[in-house]
Amino acid sequence: MFFASDNQSCASQPILDAIVAANQGFTHGYGDDEFTQHAIDELKTTFECELDVFFVPTGTAANCLALASLVKPWQTVLCHSSSHIIMDESTAPEFFTGGARMLGIAQSEGKINAHHIQDHISLAGDDSPHNSQVGAISITQANELGQVYTPSEILAISETCKQHGLKLHMDGARFANAVASLNCSPAELTWKAGVDVLSLGATKCGALCGEAVVFFNKDDAQAMTHLRKRAGHLISKGRLFGAQFSAWLQDDHWLELAQHANQHAQQLVQKLNLIENVSLVWPVQANELFITLPKVLADYLNAQGAEFYDWYPITLPNGMTLNPNERYVRLVTSFLTTDEHCAEFIKHIQKFELTHQTYES
């Protein structure tokens, strides 16, 4: 019952096979190889446009290098208060950007919207050079509360960005899950809606280690060649990334993996909704579930081998508080989650419910 993270799953077999197949003989280094070129061509087809791509091994590098290409060290990046770049990247964004400030907004709300951005800009100081000015907006797709941004929501954000001369970055660590959830095209969720740069993550969705910084505006990519090298993320055996992304995208393998994860999240939430003492906190729109449950039940599930993370109480919706005898947790399904994993989890809850008729209040 591994529900702590989709990082816990292994690489999918087709991707692993592609790595082994690419690991033959000689080819040029640093991404100047046929595998990487094929992956770039696949990305152009997937996103229906010309683009520049830079492969890196980690999501932290992808996000931080993307932001470093968009903003100046003295600027601010607005993001959701629960976003990965502000809560889980340590101070890497500030390090990579040379000092740009990450500023969280829309706390206790599921997503950033255009009004949040407009309100911040209207109220923030504009006494330059004393006040840091916003240079970019970063949104996460699907985000850290399991919510997905629709094309119209992204477009409204991008239009606000354009009004104020801001760049729009998308952290797409779970982009595949969002595409599968919304059943629209990758293009509709990115450049057609005004996204300038996408950090496209494959690691959480079947890759061994593979992230891509995708620039839809080639002018924004000019510094990336040097930024990636300077940061130590230009890998000599670039074929590793090319092979992974080619196999990931081929025949919509990436979407099959994401759909599997999403479907099991829905399967799990349908069962959890029938249990009186378990409460859903945020709507399940991709492959993450956020629930509250009695602490004794959560402890029991952990003792039975269920793995999940306690989540930040600060991310609870407006007006919702956590009872001292409750735990607020996140469950994540992956392409490796099975019907049996979900059934076993529910079985343990039902078994506990039968033997514990009352809970501490």
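Predicted model: local features only at pLDDT ≥ 70, side-chain atom pairs only at ≥ 80, totals over all residues.
Student: How many bridges join strand S5 to S6, and in which direction do they run?

Tutor: Strands of a sheet pair through backbone hydrogen bonds, either parallel or antiparallel. Strands here are DSSP runs of E with at least two residues, and helices are runs of H or I with at least four, both numbered from the N terminus; two strands pair if DSSP finds at least two bridges between them. S5 (residues 167-172) is joined to S6 by four bridges, and the two run parallel. With helix H8 (residues 175-182) they make a right-handed β-α-β unit, where right-handed means that, with the strands pointing away from the viewer, the path from the first strand over the helix to the second runs clockwise.

Student: Which strand runs antiparallel to S6?

Tutor: That is strand S7 (residues 211-215), joined to S6 by five bridges; within S7, valine 214 is the bridge partner of leucine 198. S7 is also joined to S1 by five bridges, again antiparallel, and there valine 213 is the partner of phenylalanine 54.

Student: Are the residues on the two faces of S6 buried or exposed?

Tutor: In a regular strand the side chains alternate between the two faces of the sheet. Buried means under 20% relative accessible area, exposed over 50%, and partly exposed in between, using a 1.4 Å probe and protein chains only. In S6, Val197, Ser199 and Gly201 on one side and Leu198 and Leu200 on the other are all buried.

Student: At what angle do the axes of helix H6 and helix H7 cross?

Tutor: Axes are lines fitted to C-alpha atoms, for helices over the stretch in contact, and angles run from 0 to 180 degrees between N-to-C directions. The axes of H6 (residues 114-123) and H7 (residues 151-163) come within 8 Å and cross at roughly 25°. That makes H6 roughly parallel to H7, a label for angles under 35 degrees. Contact, meaning heavy atoms within 4.5 Å, is made by residues including Ile117 of H6 and Ile157 of H7.

Student: Where does a cis peptide bond occur, and which residue has a positive phi of about 60°?

Tutor: Most residues other than glycine have a negative phi, and most peptide bonds are trans. Here a cis bond joins glutamine 141 and alanine 142, with omega about -15°, and alanine 142 lies in the loop between strand S4 (134-140) and H7. Tyrosine 30, not a glycine, has a positive phi of about 60°; its place is the loop between helix H1 (13-22) and helix H2 (34-47).

Student: How many disulfides does a search of the whole structure find?

Tutor: A disulfide is a covalent bond between the sulfur atoms of two cysteines. Counting sulfur pairs within 2.5 Å, the search finds zero. For cysteine 205, the nearest cysteine sulfur, that of cysteine 10, is 12 Å away. Cysteine 205 is buried, at 5% relative accessible area.

Terms used: Residues numbered from 1 in each chain as written. Heavy atoms only, no water. Parallel < 35°, antiparallel > 145°, perpendicular 65-115°, else oblique.
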